[in-house]
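Let's take a walk through a protein model together.

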2 protein chains.
Amino acid sequence: MTHPVRDEPVRQGSLRAHNLGLVLRHVAAGPRPVSRADVAAGTGLTKATVSTLVDELLGGGLLVEVDPPPRTGAGRPAVGLRLASQGPAGLGLEINVDYVAAGVVDLTGASRQVEVRHHDHRGRSPEEVVDDLVALAEGTVAAAAADGLTMAGVAVAVPGLVADGVVRRAPNLGWRDVDLAAAVRERSAALGIADITIDNEANLAALGELHAGTEARPSFLYISGEIGIGAGLVLDGRLLRGARGYGGELGHVTIRPDGAHCHCGARGCLEVYANQEVLLRTAGLDGADLGRLVAFARAGAHPALMALDEVGSALGVAAADVVNLLDLDTVVLGGIYAPLAPWLAEPVSREIAERAITSEWAPVTVRASALGTSATVIGAAGSVVRAILDAPAPHLPRR
Amino acid sequence: MTHPVRDEPVRQGSLRAHNLGLVLRHVAAGPRPVSRADVAAGTGLTKATVSTLVDELLGGGLLVEVDPPPRTGAGRPAVGLRLASQGPAGLGLEINVDYVAAGVVDLTGASRQVEVRHHDHRGRSPEEVVDDLVALAEGTVAAAAADGLTMAGVAVAVPGLVADGVVRRAPNLGWRDVDLAAAVRERSAALGIADITIDNEANLAALGELHAGTEARPSFLYISGEIGIGAGLVLDGRLLRGARGYGGELGHVTIRPDGAHCHCGARGCLEVYANQEVLLRTAGLDGADLGRLVAFARAGAHPALMALDEVGSALGVAAADVVNLLDLDTVVLGGIYAPLAPWLAEPVSREIAERAITSEWAPVTVRASALGTSATVIGAAGSVVRAILDAPAPHLPRR
């Protein structure tokens, strides 16, 4: 990626905010507590500066001190620092076609709670769905509060195209131009959370996958299978949201230009060939749930295996397009595709091997999501935590 | 796009280099000469700092002073600064299937020379082609030197997949694993240019288009039609090269999964339906040149118009995939497609309107490349100039 050069002069005034984040992320990066001296050595800041910044972060409850390990050599062992596992945390909420979910991630990145409530939302008004969501969230927030966690913000995931808090279109919910941020704000006074973000579910799941990984700058296509199909594109450790925020619409990549009609108005979209309903119908399990498909596939039932191969092949054609365009090295099967990965990975890999021009020398790994079906809600909650790590200054007491 | 936070501490040592670029780019940004006071006001640096940095840039020949405009009010008019149109410049070279080209861009971004030499390179060895290229370049560099320009670096464009100076595969040239950087270095001692970059032709053309534009952070798909089809993806003012540098392979996006065989080994790639040969053949102009197709289209000849509609439709299906994935707001028709844009734009737009899920409220503009058929070589030369503006310090005399 070509990075345009940042054209801001470096001024003293922004240094404190910059360096607060630097110190916080340095502590966050390691698996073990680090000392103030470690932070100074690792960041290049002076010990005096580190000391001042650490005191601020301790005061704001973002860091905690841990007792030094027992003395093993000469000298006084240093007090260690680690991220606070109590205090500020992130709330993730998800609206999907047939469920709502809520989750909490603490500052260390640990998932503290995930709750799902199933309900088919097709035909219901956004207000009714938000009422359900907020009712679920209230319980989650109360439980988290009992655990010493306060919500620094909330991110709400929806299976649709989102800009500035408005769901422009969520075809599988039948929503158009729903101001979801306003609806959540209106109904969530009891939650006491001012910072509300609305985002596409596949984007948030991809962020969850990104933050769950250990690679420094991973590149992957996260495919989110729910009732519809979405995707998050991560290149060099960055989520590509698209020029206007509407990227990642893998479900509407064309598979067959003259193919069957899609509910979006076009013909031959991936979603026509690889959605959950088609998968179950082709497998002869119309109306059954996913668990049943897994059971049939495990038992080697021919229609189930055929259906999975067909759907995997369609996913692979679309994934190969993405690989040709963005040269991503990994395809992550998420949502309903995660538990089906044992059967989908092969046909997806096969199509990529055949269709990606670089596949000969630049292989692509296809694997299940590390976070499974909770990726979206954990990713949503994690995105709130990430924002604190990226810019901790606003979360500290005024100086 | 989500930008990961940069985790470098801000140290005094990097300030000079950072601020040199800041000053240089501030001068570069305006259409008119600016004074030292303008630079100070625009960058937030002190006048004293600006003065020191400007002196360094004048000394290195990157800036020049211009006489102040005649006095119009009170006070002494300030001396203006602008980029030097003599001195360091960029050399762009292009190897394509049926020509080589060379171009020079000066520090102001002005194209100073473009030369093209036609020759069908299919079946020739990389060494023979590089010999031709270097012979052309020697003339170009000599002419530029007579004009007061010295080449700060050279970027070589090839229609293939490139990594670290090696052309991994250029299917239409029949090249595999050609160390082009080494080949150019070996043969170009006479050019006296140490800094040699090899890059994909569509990427360089997209950079040319990016730098020719006036928008701050444009997003577009640049489609490069030559014998093959390539693309450069620009999102928020950044060229997306892909995780391993092999992105932009629009020519191998699948149009019909069971379609005709492509030379790449896959079936139904865009290149099968929209390349130059197919276009001319469908138009009943097999073996003719592009000018003839344009003449027939202008005259309203039915087969020519049909062929252009078919090819435009195939391009549109692939472009719609890109719009669905990256939500780009502009499609730029480059290379051979630039002069054909009057006939291709409509079918491309039509397919995008039908297939991009956001097209209803997030329109996509389809237009010809601003640089026409010289985009690649100008983009290549411009990329050298851009590197100077991004980091001028190495181009200045040692302090």
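In chain A, strand S11 (residues 220–225) and S14 run side by side in the parallel sense, joined over 5 bridges. Strands here are DSSP runs of E of at least two residues, helices are runs of H or I of at least four, and both are numbered from the N terminus. Two strands count as paired if DSSP finds at least two bridges between them. One bridge you can look up links Leu221(A) to Val331(A) in S14(A). S14(A) also pairs with strand S15 (residues 365–368) of chain A, again in the parallel sense, over 4 bridges. There, Thr330(A) has Thr365(A) as its bridge partner.

Before going on, remember that this is a predicted model, where local features need pLDDT of at least 70, side-chain atom pairs count only at pLDDT 80 or more, and totals for chains, interfaces and linings use all residues. Residues are numbered from 1 along each chain as its sequence is written, while chains are lettered from A and ligands numbered from 1 in the order in which they are written.

H12(B) reaches 21 Å from its first C-alpha to its last, close to the 22 Å expected at 1.5 Å a residue (that is, 1.5 Å times one less than the number of residues).

Now find an open sheet in chain A, with 3 strands in the order S7-S8-S9 and antiparallel pairing. Its edge strands are S7 (161–163) and S9 (175–179), each pairing on one side only. S7(A) and strand S8 (residues 166–170) share 3 bridges, and Val162(A) has Val167(A) in S8(A) as its partner.

Most residues other than glycine have a negative phi. Asp236(A) has a positive phi of about 55° although it is not a glycine. Asp236(A) sits in the loop between strands S12 (229–235) and S13 (238–240) of chain A, and is partly exposed, with 17 other C-beta atoms within 10 Å. Asp177(B) also has a positive phi, of about 50°, but its place is in strand S9 (residues 175–179) of chain B. With 9 other C-beta atoms within 10 Å, Asp177(B) is exposed.

Finally, how do the two chains fit together? A rotation of 180° with 0.0 Å of shift along its axis superposes chain B on chain A, with an RMSD of 0.0 Å. That is the relation of a two-fold axis. The superposition is by least squares on the C-alpha atoms of residues with pLDDT of at least 70 in both copies. In chain B, Arg256(B) comes closest to the axis, at 2.9 Å (C-alpha).

The contact takes 63 residues from chain B and 63 residues from chain A, where contact means C-beta atoms, placed from the backbone, within 7 Å. On the side of chain B, H10(B) gives the most, with 7 residues. Of the interface residues of chain B, 100% are also interface residues in chain A, so the copies meet through the same surface.

Key. Buried ≥ 20, exposed ≤ 12 C-beta atoms within 10 Å, placed from the backbone.
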